[in-house]
2 protein chains.
Amino acid sequence: MTRSDMEQSGSELQGLREEVAETTKEIIKQVARRIELAKRIGQVKSRDSLPIDNERVEDALLEEVLQECKELGLDEQLGTKILATLLAESKRAQRAQGSAKAQPLITPMVMMAKATEIEKKGKKLIRLDVGEPDFHPPRAVLDAVSEALYSYKTYYTVGRGIPELLSALRDYLAKRYAYREAAENQLIVTPGGRFAVYSALATVASEGDSVVVIEPNWPAYKEGLDYIGARPIVVQTTLEERWQPSPEKVKAAVRPNTKAIVLSYPANPTGAIIDKAKFKETVGIADDLGLTVISDEIYNDYAYEPCPTILEGLPRKYILTSSFSKGWSMTGFRVGYSLAPAETSSRMLKVLGLMITCVPEFIQRGAAKALECEEEVSRNSRAMKERIDATSAELRKIDALELLKPEGAIYAFPQAKDPRFDSAAFAMELLEKKGVTVSPGTGFGDYPRCFRISLGQPQEVLTAGVRKIGELLG
Amino acid sequence: MTRSDMEQSGSELQGLREEVAETTKEIIKQVARRIELAKRIGQVKSRDSLPIDNERVEDALLEEVLQECKELGLDEQLGTKILATLLAESKRAQRAQGSAKAQPLITPMVMMAKATEIEKKGKKLIRLDVGEPDFHPPRAVLDAVSEALYSYKTYYTVGRGIPELLSALRDYLAKRYAYREAAENQLIVTPGGRFAVYSALATVASEGDSVVVIEPNWPAYKEGLDYIGARPIVVQTTLEERWQPSPEKVKAAVRPNTKAIVLSYPANPTGAIIDKAKFKETVGIADDLGLTVISDEIYNDYAYEPCPTILEGLPRKYILTSSFSKGWSMTGFRVGYSLAPAETSSRMLKVLGLMITCVPEFIQRGAAKALECEEEVSRNSRAMKERIDATSAELRKIDALELLKPEGAIYAFPQAKDPRFDSAAFAMELLEKKGVTVSPGTGFGDYPRCFRISLGQPQEVLTAGVRKIGELLG
């Protein structure tokens, strides 16, 4: 370039940059104006006691923004992200206008603190709140972990998982589900099913996106989406519907920014298993709409009715998450896995590599051994079935409650007949008066009439706990 | 409310909402205009071969946005976040205008694949690239883990860490650093130092923020910031400066959106230890500016000159991260910890709870035992000192290289005298011709003349490896 070329290029850039700065300032001005409007809306809502969240209004805005993006040739992901930023800020501004919304007084944290306080005083509680089986992990697993430890399998290993475990998982999927297509670059060994779920959500959804979640459900899906800045779109199910999601409702819930549908059966907390036809239809909807199905099959070994699996008819986009925590009663080993198309899997692996490097090799060796422990898994499964039967019978004796008998998983989720029932207050009273802990239904969605009983206790404890519940409700 | 009140409130809301929608569309229009300008800038830059990144321009924009926020009473965090979104999109648009920038041909991934390929053919390589000590973990740790396993410490535990380990860590910090203030609600047990670092970064910085990082350095800090959407502001150090960061440069690097400064000494990859006065001054700068100091003290047990610690004079905002990986040679246990003010710690804990629930209890029991294993740590430290001495002497024999003798950590980071040296190409050639792996300096910042040798091998292997390096360079 000659000197005069450079000068020309310099002044051209200079001019463009000034325009960029002006536009940026204009954007900020409009944002400020928008927040001002949000505050005024907040004042009206506060004055007239209207709720701050309004999905219909948000949906309409999303449509308008996407339409605008289309017309202007702007990346839609950028549009949805900016809208999400604006909406979050608007809500913050609106909340600041109203009287601070009353926080629920009885949170799981408050309950947990209360339980610990009581236990410290030496009183023995009946703990029906913790979501894990009480079975011992297989002895062979302990031996394998210990042997690996003493053989110094105590160094860094590849992030995806050791080849021995990946290959054992392939064999397991082939044997257990007749699924023979799993390639090693589709599998990842994760520190628990929870990390598999987080990395799945973080890989398919970004800030401003949305994901369909069926409730009642394990709160980790919503928590993960909140962390990412994505919106959970909740499809509610009811006991009256046998906790079955309606595919039509799922379809109707999908927004233009929806990226995935999360399914998890047998379900926590209801123990329900989705009908095969409904599962297939829902997966078909996802496929038609180009969405990812995240199927969390962590309770698959506790299924007493045929339970559909994503492996039976994979959609184009899928992530299977699972874990050794429940079937093998290995919660405290923190080891799970995911299966997804290679490209998705490689993006999930980046999250794992960034945050934890790898799962300890000696634990992975234990997990590989666990896959051979079919007998223990069957024994655990049979024991849980007996508990479901006995505990359901016990719960049925309580007039104030109704229950859909769990078809799987390790929980019962009774519902009070009284429509004004407040499960959080009930749980606290139960703890204080009867020394029994349960999980209020509000921890799993908008279910104040329900509470969760974990069946991870010997039957006599479960029976004693349920009888105390009956006493309080009787 | 009467019916007419409701109607009035409804139409008032309706009017405000229409204004919100209009403003939203106006914002999107301006964003599209801004992207259009970015594309034109991209065309000019591509035509005149100018770089896309321009920190000076970005800084000026940031100032203007913050000024605008101040004038309009808009939350500055919101302004920086929107600017970050716009800048990222602008760069994407600019890149799309230019010819795709040539990717480096020799990445760590390519090298690793090559090494695996060679090893599969049965050839034994000298691996000087893996950043972990080769020592055995303490026998007492193996025993403690195994005992905990067989005592069924295999269930969920509290996210923060078991009380036994938290209390052992308190005692350790009191003994090792004469730091007696650590409360249990300030400590968190993490799955490795890497997770402690990630959750520290994610807690202090959000999208649009920036964090000062000194280079050369472990790439995980930058990777974490990228994931969060925050910008790493790099302060470079040179061998000529004894890899010492200048506090003035650190101060000058701080932007209005800077939230933290990351310090990590003894340093990976240089083995340098920051001068005490410089450390103190840097911490003071952070304190004056209200920034968090993240001090990653993972190599503290491999320090052969006095190494400052954040515990000696805590700033108001601090996060100490550390790990059992290096001092105890427990990389594959994936257990580390963090110490921070209670409120910061509680926010970090949320990230851990969301993603991994807890670190396995049997591993935590091993970590608690490790804290008693002072002898093994001293032995590891002495062995590493001998390797540093012998390997440095060996490296000094190579005329083409210069070296600042490491004062700590477990690496040597020689620099080629030839200013045109290409360490990535050299590393590949060394692997192919001599069967030795090293890590190119470009993996730790802009250091193409340097490469990292990990001292996690017996001395005879290190000497053999360095001699082969000498042969290739000789």
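## Helix H14 of chain B

In this predicted model, helix H14 of chain B is followed by B:Gly435, whose phi is positive, near 65°. At the start of the helix, a side-chain oxygen of B:Asp422 reaches to within 3.1 Å of the backbone nitrogen of B:Ala424.

H14 of chain B spans residues 423–434. Its buried residues are B:Ser423, B:Ala424, B:Phe426, B:Ala427, B:Met428, B:Leu430 and B:Leu431. Several elements of chain B cover them, including helix H4 (108–120) and helix H15 (459–473). Strands S12 (436–437), S13 (439–440) and S14 (451–454) are also among the covering elements.

## The interface between chains B and A

The size of an interface is often given as the accessible area lost when the parts come together. Chain B and chain A bury about 8900 Å² between them. Carbon and sulfur atoms account for 68% of that area. B:Tyr155, B:Tyr156 and B:Leu354 supply 8% of the area that chain B buries against chain A, more than any other three residues. The contact takes 95 residues from chain B and 95 residues from chain A.

Polar contacts cross the interface too, with 43 residue pairs found between chain B and chain A at pLDDT 80 or more for both residues. On the side of chain B that touches chain A, the elements giving two or more residues are helices H1 (3–47), H2 (55–72), H3 (76–97), H5 (139–150), H7 (193–204), H8 (220–228), H11 (342–356) and H12 (361–370) of chain B. H1 of chain B gives the most, with 27 residues.

## Salt bridges between the chains

Twelve salt bridges are counted between chain B and chain A. One of them joins the side chains of B:Glu207 and A:Lys81, at 2.2 Å from N to O.

Over all chains, the structure holds 88 salt bridges. Among them is the pair B:Lys25 and A:Glu64, with N and O 3.1 Å apart. This pair crosses between chains, from helix H1 of chain B to helix H2 (residues 55–72) of chain A. B:Lys25 has a relative accessible area of 19%, so it is buried. A:Glu64 is partly exposed, at 29% relative accessibility.

B:Arg92 and A:Asp75 also meet in a salt bridge, at 3.5 Å from N to O. The pair again crosses between chains: B:Arg92 lies in helix H3 of chain B, and A:Asp75 lies in the loop between H2 and helix H3 (76–97) of chain A. B:Arg92 is partly exposed, with a relative accessible area of 48%. A:Asp75 is partly exposed as well, with 31%.

## Salt bridges within chain A

A:Arg139 forms a salt bridge with A:Asp143, the closest N and O atoms being 3.7 Å apart. Both residues lie in helix H5 (residues 139–150) of chain A. They are four residues apart, about one turn of the helix. A:Asp143 is partly exposed, with a relative accessible area of 33%.

A network of salt bridges links A:Glu55, A:Glu58, A:Asp59, A:Lys91, A:Arg231 and A:Arg255.

## Aromatic pairs

The count over all chains comes to 32 aromatic pairs. In one of them, the rings of A:Tyr172 and A:Tyr177 have their centres 6.5 Å apart and their planes at 90°, so the pair is edge-to-face. Both tyrosines are buried. A:Tyr172 and A:Tyr177 form one aromatic cluster with A:Phe324, A:Trp328 and A:Tyr337.

A:Trp243 and A:Tyr447 form another edge-to-face pair. Their centres are 5.9 Å apart, with 70° between the planes. A:Trp243 lies in the loop between strand S4 (231–236) and helix H9 (247–253) of chain A, and A:Tyr447 lies in the loop between strands S13 (439–440) and S14 (451–454) of chain A, so the pair ties together parts that are 204 residues apart in sequence. A:Trp243 is buried at 2% relative accessibility. A:Tyr447 is buried at 6%.

A:Met384 is found in helix H13 (residues 374–396) of chain A. At 0% relative accessibility, A:Met384 is buried. Beyond residues up to four places away in sequence, A:Met384 touches A:Pro133, A:Phe135, A:Tyr302, A:Tyr304, A:Ala409, A:Ile410 and A:Leu455. The C-alpha atoms of A:Met384 and A:Tyr302 are separated by 7.3 Å, although these residues are 82 residues apart along the chain.

The charged end of A:Lys385 sits over the ring of A:Tyr304, 5.8 Å from its centre. In chain B, the charged end of B:Lys385 sits over the ring of B:Tyr304, 5.8 Å from its centre.

Technical notes
Residues are numbered from 1 along each chain as its sequence is written. Chains are lettered from A and ligands numbered from 1 in the order in which they are written. Side-chain values use heavy atoms; hydrogens and water are left out. Rings of Phe, Tyr and Trp (its six-membered ring) pair if their centres lie within 6.5 Å; planes under 30 degrees apart count as stacked, over 60 as edge-to-face and the rest as tilted. Buried means under 20% relative accessible area, exposed over 50%, partly exposed in between (1.4 Å probe, protein chains only). A charge sits over a ring if NZ of Lys or CZ of Arg is within 6 Å of the ring centre and within 35 degrees of the ring normal. Contact means heavy atoms within 4.5 Å. A polar contact is a pair of N or O atoms within 3.5 Å; within protein, one must be able to donate a hydrogen and the other to accept it, and residues adjacent in sequence count only if both atoms are side-chain atoms. Buried area is the accessible area (1.4 Å probe) that two parts lose on being put together, summed over both. A salt bridge is a side-chain nitrogen of Lys or Arg within 4 Å of a carboxyl oxygen of Asp or Glu.
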